[in-house]
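Thanks for coming. I have one model to go through today, so let me put it on the screen.

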Amino acid sequence: MPQKGRYTPRRKTRRKKSRNKNSTTYILLAIVAVFVISFFGYRRYVQYKSETQVEMVQQEHVAFVKKVAPYAVVLGKEYGVLPSITIAQAILESNWGNSSLASQYNNYFGIKGENPTNTKVLQTKEYTDGQWVTINGRFRVYSDFRESMKDHTKLLVNGTTWNSQQYKQVLQSKDYIEAAIALQTDGYATDPGYTSKIIRIIQKYDLKKYDEGIK
């Protein structure tokens, strides 16, 4: 007669369920571990990529300043225009030399012209009646960025065809802050924030040091 109380098959079934439960737990833990590692690994990758991009941009900015600063000083000594203003305007107007006008036509200051033989018609934005509008403008084309810088300096010194004294206040300014304000009041740009942008660039990149010995 079979003995009561012996449930060997049931015990085996329980062990199998326990093993299955443990396996499932291990799999879930492994999935969570992979997810956590991947998540933090991705965050570190994004952070590294961001830091690398920032470093590259900073190096690009330093290289641009080194490129234009020496000739800005030469022009400053010859014509009396503060180099910090010339450099800051080149940065702002050309987007660090990356704008189409700068990269393709060496025009770092958005200087316009009328002669079709040495100009190019491009779209530009101007601030008119309280809003930004896109218009077509005819801009000077230069063979070299230094030619553009010299033309910009001569514009400040000689003024426009309709007003030879237009930028007189810029030339008479004793420091970059006065000169930046004068650029706005003398009508160099339509951007209402032009003065603050120029001052901010000069201060951020310590461009004032290039003005020593000019005035």
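Asp-144 and Arg-146 form a salt bridge, with the closest N and O atoms 3.4 Å apart. Keep in mind that this is a predicted model. Asp-144 has a relative accessibility of 27%, so it counts as partly exposed. Arg-146 counts as partly exposed too, because its relative accessibility is 40%.

How many salt bridges does the count come to? It comes to three. One of them joins Arg-140 to Asp-151, and there the closest N and O atoms are 3.0 Å apart. Arg-140 belongs to strand 2, residues 131-140, and Asp-151 to helix 4, so this pair ties together parts that are 11 residues apart in sequence. Another is made by the side chains of Lys-197 and Asp-191, at 2.6 Å from N to O. Lys-197 is at 30% relative accessibility and therefore counts as partly exposed. Asp-191 is at 12%, so it counts as buried; the cut-off for buried is under 20% relative accessible area.

Now helix 4. The helix covers residues 145-158, which is 14 residues. From its first C-alpha to its last it reaches 20 Å, close to the 20 Å expected at 1.5 Å a residue. Which residues of helix 4 are buried? They are Phe-145, Ser-148, Met-149, His-152, Thr-153 and Leu-156. Those residues sit on the same side of helix 4, because they cover an arc of only 135 degrees around the axis.

Is Leu-155 buried or partly exposed? Its relative accessibility is 21%, so Leu-155 counts as partly exposed. Leaving out residues up to four places away in sequence, Leu-155 touches Thr-160, Tyr-167 and Tyr-188. For Tyr-167, the separation from Leu-155 is 12 residues in sequence and 8.2 Å in space, C-alpha to C-alpha.

Next, helix 7. In this helix the buried residues are Tyr-194, Thr-195, Ile-198, Ile-199, Ile-201 and Ile-202. They cover an arc of only 160 degrees around the axis, which puts them on the same side of helix 7. What do the buried residues of helix 7 pack against? They pack against helix 2, residues 83-94, and helix 6, residues 176-185.

Take Thr-195 as an example from that group. Helix 7 spans residues 194-204, and Thr-195 lies in it. With a relative accessible area of 14%, Thr-195 is buried. Its contacts, not counting residues up to four places away in sequence, are Ala-180, Ile-181 and Gln-184.

Asp-206 follows helix 7, and its phi is positive, near 50 degrees. Asp-206 is not a glycine. At 43% relative accessibility, Asp-206 counts as partly exposed. Asn-106 is another non-glycine residue with a positive phi, in this case near 60 degrees. Where is Asn-106? It lies in the loop between helix 3, residues 100-105, and strand 1, residues 119-128.

Ile-27, Leu-28 and Ile-31 make a nonpolar surface patch of about 300 Å². Leu-28 lies in helix 1, which covers residues 8-79.

Last, the chain as a whole. The secondary structure comes to seven helices and two strands. From the N terminus on, the order is α-α-α-β-β-α-α-α-α. The chain has 215 residues, and 33% are buried. Among contacts with a separation of 6 or more, 56% are between residues 24 or more positions apart.

Definitions and conventions: Residues numbered from 1 in each chain as written. Predicted model: local features only at pLDDT ≥ 70, side-chain atom pairs only at ≥ 80, totals over all residues. Heavy atoms only, no water. Patch = residues over 30% accessible without salt bridge, like charges linked within 9 Å, V, L, I, M, F, W, Y side chains within 5 Å. Areas by Shrake-Rupley, 256 points an atom, 1.4 Å probe, with all protein chains shown as cover. Salt bridge = Lys/Arg side-chain N within 4 Å of Asp/Glu carboxyl O. Helix = DSSP H or I, 4+ residues; strand = E, 2+ residues; numbered from the N terminus. Buried < 20%, exposed > 50% of the residue type's maximum accessible area, 1.4 Å probe, protein only. Contact = heavy atoms within 4.5 Å. Expected span 1.5 Å × (residues − 1). Arc of directions from axis to C-beta.
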